[in-house]
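I opened the model to look up its charged pairs, its core and its confidence. My notes follow in the order I took them.

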Amino acid sequence: MFSKFTSILQHAVEALAPSLPLQEDFVYHWKAITHYYIETSDDKAPVTDTNIPSHLEQMLDILVQEENERESGETGPCMEYLLHHKILETLYTLGKADCPPGMKQQVLVFYTKLLGRIRQPLLPHINVHRPVQKLIRLCGEVLATPTENEEIQFLCIVCAKLKQDPYLVNFFLENKLKSWASKGAPNVISEDTLKGQDSLSTDTGQSRQPEKPSSATAAEHTESEDEPPPQTDDLSTSLDDLSAASLPEASVVRPNQDYNLVNSLLNLTRSPGCVSPQDGRIAVKACEGLMLLVSLPEPAAAKCLTQSTCLCELLTDRLASLYKALPQSVDPLDIETVEAINWGLDSYSHKEDASAFPGKRALISFLSWFDYCDQLIKEAQKTAAVALAKAVHERFFIGVMEPQLMQTSEMGILTSTALLHRIVRQVTSDVLLQEMVMFILGDQREPETLAEISRHPLRHRLIEHCDHISDEISIMTLRMFEHLLQKPNEHILYNLVLRNLEERNYTEYKPLCPEDKDVVENGLIAGAVDLEEDPLFTDISPDNTLSKKEWLSSSPPTTPDHPKNDGKTEVHKIVNSFLCLVPDEAKSSYHVEGTGYDTYLRDAHRQFRDYCAICLRWEWPGSPKALEKCNLEAAFFEGHFLKVLFDRMGRILDQPYDVNLQVTSVLSRLSLFPHPHTHEYLLDPYVNLASGCRSLFSVIVRVVGDLMVRIQRIQDFTPKLLLVRKRLLGLEPEGPVIDHITLLEGVIVLEEFCKELAAIAFVKYHASSTP
């Protein structure tokens, strides 16, 4: 209480006294601080019971006032005094010793405010960046200390300054051997540190911009970091016995000391958020500081950050530990529907959550940290981003996730696939997405062969899971692939589909002749698909087929040889081919309002526009590769992915409704891609299939043939079909179980899928015809 009264009285006297020149005033406050150490006999009293905080605040105010009164960039006498007499070095030593108790906190606040409030660049001065480096080393050494808040504020202001002038980061890439040597020095307040207030330093204190990154280190070698300023006898006799124990070393073992700013922030990311909300905020601020540092464009800093700090290890180890902390089984619906995750806003509370489920806290923690890794890589300098993403790939994807995805337990497969699906949806960084794609699919780009489909074991296993005995696993894996196909990465579609269509060896080349233009009723092209000698279609002549050249005139892009007018005629035939696939007796949508083909057009238009925007930079060809240049003799294999999808599609009348919806959803996604080969293979009813090959249209034709036989065996087929449709739409209440429900639901999905394909074909043609 007495000291506070003294401080108030001092301010009153200063207010009434005639104002001193700023430099004299500044020196007065600094002398008052140093005299405390000469005159005090009680070094155990907390610093808040002294006038030191007030004097430090006055010194800051004077420096700010001085700068405001001078032209921009001009250094005033008070700042010169601070630089020449190494005041920051002295304060660092006092803060390190924490003498009097609480001094470390005051020093951190002074450094933070000095860097934040002074506009002129201070960090290039050796007598600023050198003590700043030393103070950085003190931060994060012990977790949950009373100074954590001040530590993180100080580190963040340094990061902000580096963001403003990234080249300054070269001052903070320290020499490893020198750093270790400095750590070995005894931690005692040197008498010399508090001396030399009136002596001139050999250092001018002027800005030193290094000519190259290593010169910052060289500058430090020219003047040892432990070199004391000149002394005065009165202080030395008073401080002979004053010493303080250093703070305990960090519990985190640092592999080296080259980039202490990163190491200190990494330590503070471990601040235990469970202790208090403040601690949680400290960890978030530390993460923000790291994000600033990884985004700096300096190559030397990026290399040091990934090779000389434990950043990669911390990111991946925490991902792994949070993943392993998840329950063995989590409801996939909970994984999918848990609210959107933002790493900086992870403030989940069980008490406030009415929709809590077992493991929700752990799930949110994992997804939040994955989001942070994703955003960090997204913001990082290019080489740093690649190194960080590769670390996530090797240490987390392969080391932790792959064994879970490859296990045989159905519950384990379901949970791990649901988590993979969630992070596929969540990832936004192109670099991390690339590593994830390589993890899931591998890097192969040559055409697949049936004998080598297991070459990348995880890819093979995941595709096999699309046709798993467990419908839940099949649906979840299909959904994962559906979202993967929506990601902006060319390798995804190429690896799954395009590499097998490159040579168009699914087609059988025939010379053009006039008869090729003949068509049958309803727009169906005679012999357009390989019906595999199906007895139901023996009346269709294989010679009556629309030529490939005519089909190209109706597909994007149009050319001068094939004007749009001809193509418009053909697109209606294509649309009708799909719309007329399902026989009238198996259709039910015309009995229910608002379920016509036109309802799919708007969605198809929006989705196709989105896919075109994604694929624009991939420079895909506008038309199929010329048949004359294709290797049509090579054996055709549609690839493992399409094989499983076509097999599933062929069983649409015998599969559960939810499975059918997911299979057709993935196929419609594939059909939307604006590549001429996928368009031809999936949306061209008239493609002249080579012997033994199948296309999406031919698979559907075979299903329809099977359906026409099975309809004859079901009594009251049409009324039952209509009732099932109305129940699915919620227009009829649930009632008694209907016979053949799986088949009836399959017919409804088939009809809707054909309408969707027709809409996609129309929209793709219309988009290519519009200038």
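Which residues are linked with Glu-57 in a network of salt bridges? I found Glu-57, Asp-61, Lys-113 and Arg-117 linked in such a network. I counted a salt bridge where a side-chain nitrogen of Lys or Arg lies within 4 Å of a carboxyl oxygen of Asp or Glu.

**Ground rules.** This is a predicted model, in which local features need pLDDT of at least 70, side-chain atom pairs count only at pLDDT 80 or more, and totals for chains, interfaces and linings use all residues. Residues are numbered from 1 along each chain as its sequence is written, and side-chain values use heavy atoms, with hydrogens and water left out.

**Confidence.** I looked up pLDDT, the predictor's confidence in each residue, from 0 to 100. The protein chain averages 81, and 76% of the residues score at least 70. Over residues 273–278 pLDDT stays under 50, and the model has three contacts there beyond four places in sequence. Residues 515–569 also stay under 50, with 111 contacts beyond four places in sequence. Contact here means heavy atoms within 4.5 Å.

**Whole chain.** I noted 32 helices and zero strands. These are DSSP runs (helices H or I, at least four residues; strands E, at least two), numbered from the N terminus. Of the 771 residues, 55% count as buried. Buried means under 20% relative accessible area, exposed over 50%, and partly exposed in between (1.4 Å probe, protein chains only). Among contacts between residues at least 6 apart in sequence, 80% join residues at least 24 apart.

**Core.** I looked up the largest nonpolar core and found 212 residues, with Leu-91, Phe-154 and Tyr-259 having the most contacts inside it. Helix α32 (residues 741–769) gives the largest share of this core, 14 residues. The term covers a set of buried Ala, Val, Leu, Ile, Met, Phe, Trp, Tyr and Cys residues joined through side-chain atoms within 4.5 Å. Leaving aside neighbours within four places in sequence, I listed the contacts of Tyr-259, among them Val-169, Phe-172, Leu-293 and Cys-304.

**Helix α7.** I found 13 of the 13 residues buried, so α7 is largely enclosed by the rest of the structure. Gly-140 follows α7 and has a positive phi, near 80°.

**Salt bridges.** My search of the whole structure gave 33. Glu-89 and Lys-134 meet through their side chains at 2.9 Å, N to O. Glu-89 is in helix α5 (residues 87–97) and Lys-134 in helix α7, 45 residues apart, so to record it plainly, the pair links distant parts of the chain. Both Glu-89 and Lys-134 are buried. Asp-467 pairs with Arg-648, with the closest N and O atoms 3.2 Å apart. Asp-467 sits in the loop between α21 (457–465) and α22 (471–484), and Arg-648 in helix α27 (residues 640–650), 181 residues apart. Asp-467 counts as partly exposed because its relative accessibility is 30%, whereas Arg-648 is buried at 5%.

Arg-669 forms a salt bridge with Glu-482, the closest N and O atoms being 3.3 Å apart. Arg-669 lies in helix α28 (residues 657–672) and Glu-482 in helix α22, so this pair ties together parts that are 187 residues apart in sequence. I noted both Arg-669 and Glu-482 as buried.
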